[in-house]
Amino acid sequence: VDQANYKKTVTLDVERWWKGGDTGRIQVITSLDGASCGYGFQKDGRYLVYVKNGDNHQSALWVYDTTRR
């Protein structure tokens, strides 16, 4: 967690890739605050993640929580 920049890094285990990718884990950097478009990942949660590569090696990310509660 980077409190000074209001960011945190989350490591996700990948169950399956749809297109591209071949690693078993990815790292996502998100804001600490939902008001700043941060996402509140939970330990042992399941997520469907869409990533679109952008300019300057930055990516856009969409996350959907698929955890059964």
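**Close-up views of a predicted chain**

The chain averages a pLDDT of 81, and 93% of the residues score at least 70. pLDDT is the predictor's confidence in each residue, from 0 to 100. This is a predicted model: local features need pLDDT of at least 70, side-chain atom pairs count only at pLDDT 80 or more, and totals for chains, interfaces and linings use all residues. Residues are numbered from 1 along each chain as its sequence is written, and side-chain values use heavy atoms, with hydrogens and water left out.

**View 1. Confidence along the strands.** Among the elements of the chain, β1 has the highest mean pLDDT, 89. Strand β4 (residues 59-65) has the lowest, 76. Strands are DSSP runs of E, at least two residues, numbered from the N terminus. Where pLDDT is low, the predicted coordinates should not be read in detail.

**View 2. Arg25 pairs with Asp13.** The structure holds 2 salt bridges. A salt bridge is a side-chain nitrogen of Lys or Arg within 4 Å of a carboxyl oxygen of Asp or Glu. One joins the side chains of Arg25 and Asp13, at 2.6 Å from N to O. This pair links distant parts of the chain: Arg25 sits in strand β2 (residues 25-31) and Asp13 in strand β1 (residues 7-13), 12 residues apart. Arg25 is exposed, at 53% relative accessible area. Asp13 is exposed too, at 56%. Here buried means under 20% relative accessible area, exposed over 50%, and partly exposed in between (1.4 Å probe, protein chains only).

**View 3. Glu15 pairs with Arg46.** A salt bridge joins Glu15 and Arg46, with the closest N and O atoms 2.8 Å apart. The two residues are 31 apart and link distant parts of the chain: Glu15 is in the loop between β1 and β2, Arg46 in the loop between β2 and β3 (47-53). Glu15 is exposed at 64% relative accessibility, while Arg46 is partly exposed at 45%.

**View 4. Thr30 and its surroundings.** Thr30 belongs to strand β2. Thr30 is buried, with a relative accessible area of 8%. Its side chain reaches the backbone nitrogen of Tyr39 at 2.8 Å. Leaving out residues up to four places away in sequence, Thr30 touches Tyr6, Lys7, Lys8, Val10, Cys37, Gly38, Tyr39 and Phe41. Contact means heavy atoms within 4.5 Å.

**View 5. Tyr64 in strand β4.** Tyr64 lies in strand β4. Tyr64 is partly exposed, with a relative accessible area of 44%.

Notes. Helices (H or I, at least four residues) and strands (E, at least two) are DSSP runs, numbered from the N terminus. A polar contact is a pair of N or O atoms within 3.5 Å; within protein, one must be able to donate a hydrogen and the other to accept it, and residues adjacent in sequence count only if both atoms are side-chain atoms.
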